[in-house]
Amino acid sequence: MDKKIITALFISTMIFSSCGEGTKQEVSKEEQTQDDLLNEMAEEGEDQEPESFYLPSALQIGSIFQKSGLAYVKGLTNPASNEQQYITKSQKILNFGVYSADLAYIVLNGQSQDATAYLKTIKSLSDKIGFGAVFESEELMKRFQNSLGNQDSIINVMIDIQMQTDMFVDENNLQDVTHIIFAGAWIEGMYLGVKASNTGNQHVISGRLVEQMTILDNLVKALRSNNNQTDDIEQLTKDLNKLDKFFMRLEENKNSQNIASFRDYKISQEHMDELSIIITELRTRITKV
Amino acid sequence: MRILLSIVVLLASSYLNAQQAPASYCPKDDVVIKCRKALVPFKYTNMITNRIVFKRFNYVKEISIPIYYDARYRFVFNTELLPKDITIRVYDKPQGEKKRNILGEFKSSQKQFNFEPDPELGLYEVYIDFLIPAYIAEDGSSFIKGCIILMTGYEDEVSDAFSDSESDAAE
């Protein structure tokens, strides 16, 4: 009996201590590398700690447009069935953003019959881009289902999803991915704004579209900070930068530093049309199958 | 046998505790809950973790936050994960711009504080400067690091019907 106890104790001690050491070694190695890098930076006087870029949520952008009277136009969103046809990682990440903006548009316009399909699409893509942990909670999915038809409740669930995503991104250092997701969501939000506006609300919506351009500078900087650039993301960054420059060159924008409010901002129809073409081209390139 | 089981359970629990110990210099789970409480009744829109490295020289780290014209915003700062105190200033224009106005100034020793830009100013972007003082450890070794959690929320015109937006906010 004594022998058995000693053997069992020995084995369990070995198992637990080796597991612990493995993790500790991993953590301490990772921390050490990070420390060394930061130490080096401090010695060299460089200011290269990870930059923080503030980008709003797709839900907030959707909410801004919706409050300005943007109507729901069926068939404008990227069809959920396209999801299966996105092959590359960049396509999946960008369209995760596109579908997030679509879901916000659908929910904010009370189209609950489509909401479940889009959430499922987002969940499916999340597994493929390494964000599966955010959506794995059955409780969350159940809350979403139960909230359908109740605008406030479903928005609360979406806010919770956003918060969990932000936490997950931060804990796993996935900021690069989240910037690409935001690019997809931003372009889709702009596309919906351009396509769903009508003569009655065009003035207000165009002010809102122009207002969105203030985010573009942050978005381009965030995409440029990406350490693992792929050709298509590099191209997207260039295109967004071009769009930013187009906006900054506009005659209406000459005194942009003095714009007190976008509420009264007027953009000519010609420039609005040009903006609309650029946005539509960008969106088509991302969502095409 | 009972002793054996107790020892195994003890070993297992100490292993699990070790696993739960914070592996990073920014263990922010509790802080996030505090920020979320302070955000009420504003709707959550974003959270960023600003990594702060204290170097052997003074420097300023600036971030910009775009805001929309007809929404009210609350920025909740939590600085309790900083090893040394810093100053935080909010401006209406970026560094280097002439006629830049300071909108708010805070000391990190306050641990948690809110800032709400005045909607009347018609701002579409605010700039947050972290003024990080030089530091060198007692033993002459290099740097220390920490982080600031910044959570933002917005409130739309629906809330105008409520006279005191903080009435239900948790302390």
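Here are some friendly notes on this predicted model, covering chain A and then chain B.

1. A word on conventions. Residues count from 1 along each chain as its sequence is written, while chains are lettered from A and ligands numbered from 1 in the order in which they are written. Because the model is predicted, local features need pLDDT of at least 70 and side-chain atom pairs count only at pLDDT 80 or more, whereas totals for chains, interfaces and linings use all residues.

2. Chain A is built from 11 helices and zero strands. Helices here are DSSP runs of H or I with at least four residues, strands are runs of E with at least two, and both are numbered from the N terminus. Of the 289 residues in chain A, 37% are buried; buried is taken as 20 or more other C-beta atoms within 10 Å of the residue's own, with C-beta atoms placed from the backbone.

3. A contact is a pair of C-beta atoms, placed from the backbone, within 7 Å.

4. Helix α3 of chain A (residues 89–108) is worth a look. Its 20 residues reach 29 Å from first C-alpha to last, close to the 28 Å expected at 1.5 Å a residue (1.5 Å times one less than the number of residues). The helix α3(A) is mostly covered, with 18 of its 20 residues buried. Just after α3(A), A:G110 has a positive phi of about 65°.

5. Which residues touch the most other members of the largest nonpolar core? They are A:L103, A:A104, A:A183 and A:L219, in a core of 99 residues. The largest share of this core, 12 residues, is supplied by α3(A). Such a core is a set of buried Ala, Val, Leu, Ile, Met, Phe, Trp, Tyr and Cys residues joined through C-beta atoms within 7 Å. Beyond its neighbours within four places in sequence, A:L219 is in contact with A:L55, A:F182, A:A183, A:W186 and A:L240.

6. In chain B you will find an open, antiparallel sheet of four strands in the order β2-β7-β4-β5. Its edge strands are β2 (59–66) and β5 (102–107), each pairing on one side only; pairing takes at least two DSSP bridges between two strands. Strands β4 (residues 87–91) and β7 (residues 125–132) of chain B run antiparallel and share five bridges, and B:Y91 stands opposite B:Y127 in β7(B).

7. Finally, B:A38 sits in helix α2 (residues 29–39) of chain B. B:A38 counts as buried because 21 other C-beta atoms lie within 10 Å. B:A38 and B:R74, 36 residues apart in sequence, are 9.2 Å apart in space, C-alpha to C-alpha.

Technical notes: Buried ≥ 20, exposed ≤ 12 C-beta atoms within 10 Å, placed from the backbone. Contact = placed C-beta atoms within 7 Å.
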